[in-house]
Amino acid sequence: MERLNPFPKNEAERIIANTVTILDRYSKLYSQLSHGRFTDYSSYMASDGFADEDEFIKPKLFTDFLREVLLFPADEYVSEHEAGTGIPDFQPTGTLLHPFFFEIKGSNTLDLTQHRAQVTRYLKPPFEHGVLTNMRHILVYEKNGLEVNRIGLLDLYRAYRDQPKAVLDFPNTKAFLEFVSQFRRKELTRERKVELLLSDKDVSLMPAPDPEKLVAAIHRIVRILGDDARRFKDDLERILKSKFNVDDRESVLHELDQIAWELDHRYVPAKEDRVSRYLKARTGSLEARAFDIFVTRVAYFTMTRFLVARMWEDAKFLEQRLYDGGFRRWYETLGRRIQEVLKQAFHYAGDRYAWLYGQNHNYFWYDPPSEEAIIDVLFELAPFNLGLLDTDVLGTVYEQFVDRVDRKNKGQYYTPREVIKFIWDRVGYTNDDAFFRFEEGRRAPKLVLDIATGSGGFLVEAANRMRTMTRCSKTDPNEMLELLYSMVNGLWGCEISQFANYITEVNMLIQLTPLVRAIIDATKGVPRDLRAIKLMTA
C-alpha cells in the first residue's frame, strides 16, 4: 500500500530542510574524523565509515536531530550516559506517551541489522518500538523484533540536494516523514492522557517499580491533589459551619489547632469563629500555614487511596477498574464519568479495607477529587506495576514531607533505612526463631512493639523480613496463613502523630499484599472464609 504524507506540504518541506541543515552542520568534524578525506555529509557517509559513535554520531548528529526534528527538549529524554549501562542509548522520560527508544551506532556500522538482537532485548514493556540508527540509515522494530520501517538518510539527503521539488514524491521520503510523525514529541493534553489510560496495556508484563521513579511520581501526585483540594475550600467551610457536623468540625479544628501549635508553641486557639480564622486566614499567617499543612496531609492521604487501590488491582486482589483494560470497560459502562469510575473503585477497595476508604477521618470532605485531578493522578501511576511494590516508598515520601514542613518544630528525626536494617541484623531478626513462637508445630507471633513508629520504618522492615526470610512454604496456604496471622498480630506500634499513623498503616498494607496475593494464587480464587482475607477486611 502506498504511503501517505502525514504532514501538510509546507511542514513536510520544512522538516526535510531542517534535517538536511543538521546533516550539513559539521563540515569541520567530517574533515577531522576522516583525516581530511571528506568535508561533507554525503561523501563522509558514502565511505566505509568511522568509529565515531561516542564522539560524533550520538552526542552531536543524532542529538541535534532528536531536539530539532523530533522536538524533544533535553529534560524530556534520558541517555545511557546519564542513567548508566543496561538501558537503550536514548529514551523519552514519559514512556507511556512515547513508548519507544533509540539505539545509536557509529557510521562504521554498515549493516545495522546485525544489532537487531540488542534492540529486541530492550523491547519489553513499556517499550513498543525500538529505533536503530547510525544517521545513515534508520530501522524501526516492533515488539516482536519485526522491522516495520527503513529509511535511508543518505538517500533522503541526496534526493533533496538533487531534486528538491520532487523529493516529497519519493517512497523513501514518505517513509521518513511517517517516521517523524510517529516518533516526534507529542503534546500531553488531558484528552490524550484519557486515551492512553483507555488503551488495553497488560500491567502484569511490566517490571517491579523503580523506587526513585515511583517516589518522584508520588510527589507530583501530592502536588496535583493539594492544588485540587484547595479548590474545595468553600465546601469544607460549608460543612464545618453546618449545625449537623459538630463532631466533624471539632475533629478537623483540633487537628488544625495541633498543627498551629507545632509550628509555634506559643499559639493559643481562638475561642470564637475558629473555622474562618483558618479558612480565611491572611497569607503567611500562622493559621494560613497550618491550613496549608493540613491540605498537604489531605493530599498525601488521598494519594495513598489511589496507590493502594491500584496496587490491589495490579496484584489481582481486586478487579481492574483504574487501568489495564478495566478502566476502559467501566469508563464506558458509567457514561464516561471518571469520578464515578473512581468512586466504584474505592467502594470495592473499601470492601477489602473499610478504614482507608471510609469517612471516619478528617479528610472526608475531599472525596472525590475533580475529574481533572483524577486523570492526572491515574496517568502518573500508569507506568508502574504496583502489584510488585514491596518497598517502603511511603516512608521515604513522608519523611521528605516532614523535612519540608515541621521536623524542626516537632523534633522528629527518623532512622535511615540502612540503620534500621543494621539494627535488625544486630539483634538477629533474620530467621523463623526470631519471627515466631512455635506451638504444637504451628507458627504463632512473637510481639514487636515500636513506641514511636514515625512512618513505620522498623515495622515495615520487620514485616518484609518475615515475608522474605521465613522458611514458610510459598505454596502451602495454611503455612502462609500462619505467617500472615503472625505479621498482623505480632507487629505493633504507636505514634503521637495521627497522620504518621495513617502512613504506617498503609505501609503495612503494602507489605501484606504480596502474601495475600500468594494465598489467593495457592487457593485458586478469593476464598472468603480464609483468615487471611478476614484479616484484610477487618
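Which elements make a right-handed β-α-β unit with helix α6 (residues 116-122)? In this predicted model, the unit consists of β3, α6 and β4. Strand β3 covers residues 100-104 and pairs with β4 in the parallel sense, with five bridges between them. Within this pairing, glutamate 103 lies opposite leucine 132 of β4. The loop that leads from α6 to β4 contains proline 126, and the peptide bond joining proline 125 to proline 126 is cis, its omega being near 15 degrees.

Strand β4 (residues 129-133) is mostly covered, five of its five residues being buried. In a regular strand, side chains alternate between the two faces of the sheet. In β4 both faces are covered: His129, Val131 and Thr133 are buried on one side, and Gly130 and Leu132 are buried on the other. Besides its parallel pairing with β3, β4 pairs in the antiparallel sense with strand β5 (residues 137-142), again over five bridges. Leucine 132, which stands opposite glutamate 103, also stands opposite leucine 139 in β5.

The hairpin formed by β4 and β5 has three residues between the strands. Methionine 135 is found in this loop and adopts a phi near 65 degrees, a positive value in a residue other than glycine. Most residues other than glycine have a negative phi, and most peptide bonds are trans. With a relative accessible area of 1%, methionine 135 falls under the 20% limit and is therefore buried. A positive phi also occurs at aspartate 273, where the value is about 50 degrees; this residue is placed in the loop between α12 (246-263) and α13 (274-279). A cis peptide bond links aspartate 367 to proline 368, with omega near 0 degrees. Proline 368 is located in the loop between α17 (354-357) and α18 (371-381).

The largest nonpolar core comprises 114 residues, of which Phe294 and Trp312 touch the most other members. Helix α14 (residues 286-314) supplies the largest share of this core, with 17 residues. When neighbours within four places in sequence are left aside, phenylalanine 294 is in contact with Leu236, Val252, Glu255, Leu256, Ile259, Asn362, Tyr363 and Trp365.

An α-helix has 3.6 residues a turn, so residues three or four places apart point the same way.

A disulfide is a covalent bond between the sulfur atoms of two cysteines. With a cut-off of 2.5 Å between cysteine sulfur atoms, the count of disulfides comes to zero. Cysteine 472 has a relative accessible area of 4%, which is under 20%, and is therefore buried. Cysteine 494, by contrast, has a relative accessibility of 38%; because this value lies between 20% and 50%, the residue counts as partly exposed.

Key
Residues are numbered from 1 along each chain as its sequence is written. This is a predicted model: local features need pLDDT of at least 70, side-chain atom pairs count only at pLDDT 80 or more; totals for chains, interfaces and linings use all residues. Side-chain values use heavy atoms; hydrogens and water are left out. Buried means under 20% relative accessible area, exposed over 50%, partly exposed in between (1.4 Å probe, protein chains only). Helices (H or I, at least four residues) and strands (E, at least two) are DSSP runs, numbered from the N terminus. Two strands pair if DSSP finds at least two bridges between them. A crossover is right-handed if, with the strands pointing away from the viewer, the path from the first strand over the helix to the second runs clockwise. A nonpolar core is a set of buried Ala, Val, Leu, Ile, Met, Phe, Trp, Tyr and Cys residues joined through side-chain atoms within 4.5 Å. Contact means heavy atoms within 4.5 Å.
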